[in-house]
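Dear colleague,

I am handing over the structure below, and after it you will find notes on how its parts are arranged. Please read the notes with the model open beside them.

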Amino acid sequence: MILLDRVTVIYPNKTVALSGASLHIQPKEFVTIVGASGAGKSTLIRLLIKEEVPTSGKIIVGSIDYDTIDKANIPHLRRKIGVVFQDFKLLPNLTVYENVSFALEVSGVKNAEIKRAVPKILQLVGLSEKAHHYPSEISGGERQRTAIARALVRNPKILIADEPTGNLDPKNSWDIIELLLKINRFGTTVVLTTHNKEIVDALKKRVITINRGRVVKDEKVGKYTL
Amino acid sequence: MITFWRVFKSGFRNTFRNAWLSSAATVIMAVTLLIMTFFAFSIIFVRSQLNEVQKKIDLTVFISDEAGEAQIKELQNKLLQVDGVESVQFVSKADALKRLEDSSEEGKKLAKSATDIGNPLPSSLEVKLAKLDDIGGVNKRIRDLPEAVIITETSFDSRDDNRKGVIENVIKISNGVTRVGAVLSVVFLLIALMIIFNTIRMAIFTRREEIEIMKLVGATKWFVRGPFIVEGSMYGVFGATIATITLVPIGRVAGQFLTDKFNAGSTVAYFGTNFWLIVLCMYGLGILIGALSSWLAISRHLKL
């Protein structure tokens with residue numbers, strides 16, 4: 001499903017963000033990537049959504065070889081990968097419902113289909129009641145669930161969650177993790193990055209540890225160790 | 001199609017989100033369109049006036065009453081061969097009297113007195129010139145003809161070189177108006193382009209987060225760019241609307257004034273009958289300027 005083969009990223013200022021990182025994630029897996037700040041987690045995620053290109057190495061997601069994809073097809077690629085960020089990245093002037101439907105609108109989905117899909121996904125993340133609230137009117141956890149709904153509404157095969165609990169209290173953090181587990185049970189591959197030791201240890205899922213741009217540990221049932 | 005409509009809707013909505021900048025862009029667009037229309041009108045007006053003047057100015061050769069018909073015919077033929085002469089028309093004594101009679105109320109009275117004393121008006125040959133600047137030369141060449149003995153006087157003799165000066169002035173004004181109009185139009189066009197360019201640049205800057213999110217959720221290049229082009233075109237549409245609303249009363253007053261004072265009825269009528277075409281041109285030009293500046297701004301500042 002996701003294959004990174006000796007991927008190296010060196011920035012113009014000579015900073016090495018990733019150095020020969022290789023990893024293989026199977027379909028329907030739930031993988032947590034851990035590492036200290038600056039270890040290369042965010043670079044890894046930017047590579048997966050093709051916001052960045054590797055200096056060397058190969059990336060294949062699904063059946064798509066990132067070397068051969070042209071610029072015009074990047075939007076189509078991004079529609080297949082749902083992404084959730086620590087800072088939610090919601091549009092403040094759109095309601096919860098509109099934020100989610102926006103993701104469908106930009107991909108040219110018909111209105112009737114949008115009207116059918118959005119309430120369903122809002123129900124899944126437990127936000128049906130807040131559909132017409134603006135992001136400023138809901139809690140951090142609810143904002144993150146909105147972001148997850150937006151990422152999921154197009155039925156992506158992969159959901160990438162980049163420190164989704166970074167701005168949330170423990171209760172909300174667990175709500176989000178449980179939501180991600182639920183999504184994973186439905187068959188979506190989940191790639192989670194986090195700094196939260198408690199969560200990683202409790203998950204008992206595969207953990208990939210990155211340090212200074214290298215994959216230093218990859219355990220089937222891992223723990224948070226840096 | 002559905003995407004096009006969404007892009008259009010989004011662009012339309014965005015136009016109103018930054019009201020101050022949008023107003024500035026719209027006003028400058030309206031001013032630019034008005035200036036361009038004004039100068040286009042001025043150029044056509046001055047040119048048509050120049051044409052009128054040129055048509056009116058020719059050389060009239062007055063014939064002695066003693067001259068016989070054959071002599072006049074011969075002179076007429078010779079005149080046609082003179083360098084710089086385009087055409088020659090004979091006006092008999094009776095024609096001259098008729099013209100005087102028809103010219104005005106005053107002319108009618110004069111014609112009546114003239115008839116009473118046996119029509120003292122001379123017959124004449126009206127010479128149309130190929131080129132106006134050569135009126136003095138043509139006059140001399142005519143005077144030098146052996147057949148010129150039957151000429152008592154020419155219109156050029158009696159007014160010296162005055163008209164030539166007038167004509168030269170009219171030509172100068174016409175060229176001046178064309179030049180000033182072109183320069184001012186280009187200057188305002190550039191100002192409009194710059195202001196709309198900056199408005200869109202600001203819009204790109206204030207909406208950079210939104211643009212980033214659009215890209216993240218997989219919006220195509222045109223879904224991100226399209227609304228800015230629509231926004232730029234909107235300034236054109238609003239600007240042209242303001243310009244049209246302003247133009248109607250100005251056009252009415254100016255049209256009346258020019259018809260009364262300058263006998264410019266034909267030019268004014270031309271604008272009257274082509275009013276909707278002019279309006280259409282303003283909208284077209286406005287949309288073009290708006291879309292072009294938007295395009296320049298996004299290709300410079302919106303890296304996708």
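The crossing of H5(A) and H6(A) is right-handed, a crossing being called right-handed if the near helix is turned clockwise from the far one by less than a right angle, and left-handed if anticlockwise. Please bear in mind that this is a predicted model, in which local features need pLDDT of at least 70 and side-chain atom pairs count only at pLDDT 80 or more, while totals for chains, interfaces and linings use all residues. Residues are numbered from 1 along each chain as its sequence is written, and chains are lettered from A and ligands numbered from 1 in the order in which they are written.

Helices (H or I, at least four residues) and strands (E, at least two) are DSSP runs numbered from the N terminus, and chain A has seven helices and ten strands.

To return to the helix pair, H5(A) and H6(A), the latter covering residues 170–185, have axes 9 Å apart and pack at an angle of about 20°, where axes are lines fitted to C-alpha atoms, for helices over the stretch in contact, and angles run from 0 to 180 degrees between N-to-C directions. H5(A) and H6(A) are therefore roughly parallel to each other (angles under 35 degrees count as roughly parallel, over 145 as roughly antiparallel, 65 to 115 as roughly perpendicular and the rest as oblique). On the H5(A) side the contact includes Gln144(A), Ile148(A) and Leu152(A), and on the H6(A) side Ile176(A), Leu179(A) and Ile183(A) are among the residues involved, two residues being in contact if their C-beta atoms, placed from the backbone, lie within 7 Å.

H5(A), which spans residues 140–152, also meets H3(A), residues 96–105, with axes that come within 8 Å and cross at roughly 25°. H3(A) and H5(A) are therefore roughly parallel to each other as well, and H3(A) passes H5(A) in a right-handed crossing. Here Val96(A), Asn99(A), Val100(A) and Ala103(A) of H3(A) touch Thr146(A), Ala149(A) and Arg150(A) of H5(A).

As for the strands, there is an open sheet of four in the order E2-E1-E4-E5 of chain A, with antiparallel pairing (two strands pair if DSSP finds at least two bridges between them). Its edge strands are E2 (16–25) and E5 (64–65), each of which pairs on one side only. E4(A), residues 56–61, and E5(A) are joined over two bridges, and Ile60(A) has Asp65(A) as its bridge partner in E5(A).

Best regards
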